[in-house]
Amino acid sequence: MLNTQTKQREDASAVVSREEMMRQWEMAGQNRQLLIHRMGHPPRAWVKTFGCQGNVADSEKIMGMLIDMGCEPALDEKQADIILYNTCAIRENAQVRLLSMVGELKRLKQANPNMIIGLCGCMMQQEAVVRQIRNSFPFVELIFGTHVLHRLPQLLNRLLCGEHRVVDCFEGEGRANPIAEHLPIRRTDGVQASLQIMYGCDNFCSYCIVPYVRGREVSREPDQILREAKEILAMGYKEILLLGQNVNSYGKGLAEPINFTELLRRIEALDGDFRIRFMTSHPKDCTRELIDLIAQSKKICHNIHLPVQSGSDRVLGQMNRRYTREHYLSLISYAKEKMPDVTFTTDIIVGFPGETYEDFLQTLSLCQEVRYQCMFTFIYSPRPGTRAASMPDPVPYKEKTKRLNELIAAQHQISEEDNRAREGCIERVLVEKPSEHHEGWMSGRCENGMIVTFPAEKVQPGDFVQVRITRGLRSEYEGELVK
Ligand code: 5AD
Ligand code: SF4
């Protein structure tokens with residue numbers, strides 16, 4: 001019953017219809033033959049992902065669809081018959097790097113003219129970029145945006161049936177991308193599986209391109225999410241990472257009144273020993289009700305990613321973040337009061353247009369007050385079409401780099417101190433994989449999100465074990481198994 005959910009929604013167009021999905025499956029079936037015919041052997045596919053966890057999750061669907069069309073995952077790019085780059089538009093340098101990497105693909109195409117090279121993802125929702133790609137890279141035959149991911153079988157079919165180049169971009173802007181349920185997903189190996197609960201973003205932070213390239217915010221039906229969560233657990237994954245640009249506003253537009261806290265309650269109620277993480281939370285929508293639930297929960301990790309972006313109210317206003325430093329800090333202290341063991345991570349933009357050194361010092365002091373476990377720091381990058389891109393930006397790049405380094409140095413000191421302070425503590429650890437640095441050691445993740453490596457025999461990825469921290473380093477722990 002693929003289509004029953006459509007009727008419950010206020011905006012039925014948000015869900016891809018059953019007929020449309022059937023058409024894609026039919027095309028996928030046709031492509032199996034056509035691909036073997038073109039390549040002369042079962043095709044090997046290589047999907048390279050740039051950017052955030054959302055793109056990683058999209059790539060898992062792309063690979064799922066390609067496997068459905070008879071492809072095998074290629075071991076590397078050189079031996080692939082189909083290469084797809086799933087691109088990111090968030091900062092300019094990502095874009096520049098991508099374009100130079102695409103240029104390099106020309107040689108592979110010359111060596112294997114049957115090869116299909118495609119580009120998809122956020123960058124392909126920008127008209128100017130697509131124009132540049134069309135003009136500069138004639139060997140890129142398939143170009144599609146985030147709104148037609150589910151239509152990959154049909155797009156590939158057009159190419160295999162003789163079209164010289166297939167381009168499907170831009171429809172998403174100003175609208176929600178349609179939700180396609182029941183796509184095959186080729187999840188990455190490991191103990192953690194990601195689960196997209198919503199798509200797009202309505203926030204329009206003034207620096208950010210996401211709302212333009214991902215369309216309006218739209219939530220999946222809770223039943224579909226629970227179905228997928230059950231499938232993930234049945235496959236043996238031990239950690240579910242719920243994904244959305246702003247998970248705290250989950251539920252908008254659904255006929256059933258449900259918010260993120262309620263969704264978490266339902267996922268938590270599923271059987272099994274597993275962990276739940278989620279990202280990204282927006283401070284303006286993060287509620288005390290949610291913090292209370294995390295505090296009571298045995299499954300939701302006490303580790304919250306809460307991007308602050310800046311510690312200056314003036315800059316937060318210019319960024320259109322719609323919260324104040326005081327509100328942010330009150331959330332943090334409420335969470336610390338309810339969960340003495342809670343840890344926070346954050347995103348920070350340094351050098352937003354017009355940021356003064358005093359504004360920057362506000363960010364620095366906020367970080368010193370919160371004591372983040374780790375932070376993701378970025379120098380502001382102007383994105384065409386966003387509001388901030390037209391704001392005066394007199395601060396030289398060199399000065400921005402200096403501020404960034406100052407912030408990173410302060411964070412290093414905090415991380416080193418706080419990680420050392422954990423020495424002697426016992427953590428419940430989910431074993432992930434053999435350590436890359438120590439023979440015979442395993443690495444895993446504590447509930448607080450930190451990586452810990454420890455000498456281990458007879459433990460497997462997916463086991464929960466107790467580990468005593470013996471050394472707190474800057475970005476991970478070393479430990480020993482508690483027998
Ligand atoms: N410049 C720099 N950083 C940005 N981010 C988003 N847009 C920009 C930009 N234009 C950062 C924010 C966001 C993270 C995913 O990327 O910190 O939280
Ligand atoms: Fe971008 Fe703001 Fe939306 Fe995050 S919440 S994706 S920073 S617009």
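This is a predicted model: local features need pLDDT of at least 70, side-chain atom pairs count only at pLDDT 80 or more; totals for chains, interfaces and linings use all residues.
Local features need pLDDT of at least 70, side-chain atom pairs count only at pLDDT 80 or more, and totals for chains, interfaces and linings use all residues. Residues are numbered from 1 along each chain as its sequence is written, and side-chain values use heavy atoms, with hydrogens and water left out.

Start with the cysteines. A disulfide here is a pair of cysteine sulfur atoms within 2.5 Å. Searching the whole structure turns up zero of them. For Cys-88, the nearest cysteine sulfur belongs to Cys-122, 6.3 Å away. Cys-88 is buried, at 12% relative accessibility. (Buried means under 20% relative accessible area, exposed over 50%, and partly exposed in between, with a 1.4 Å probe and protein chains only.) Cys-374 is in no disulfide either. Its nearest cysteine sulfur, that of Cys-367, lies 12 Å away. Cys-374 is partly exposed, with a relative accessible area of 29%.

Now the backbone. Met-279 and Thr-280 are joined by a cis peptide bond, with omega about 10°. Thr-280 sits in the loop between strand S11 (275-279) and helix H10 (288-296). Helices (H or I, at least four residues) and strands (E, at least two) are DSSP runs, numbered from the N terminus.

Next come positive phi values. Arg-322 is not a glycine, yet its phi is near 65°. Its loop runs between helix H11 (313-318) and helix H12 (325-338). Arg-322 is partly exposed, at 49% relative accessibility. Arg-371, also a residue other than glycine, has a positive phi of about 55°. Arg-371 belongs to the loop between helix H13 (357-370) and strand S14 (374-379). At 33% relative accessibility, Arg-371 is partly exposed.

Conventions:
Chains are lettered from A and ligands numbered from 1 in the order in which they are written.
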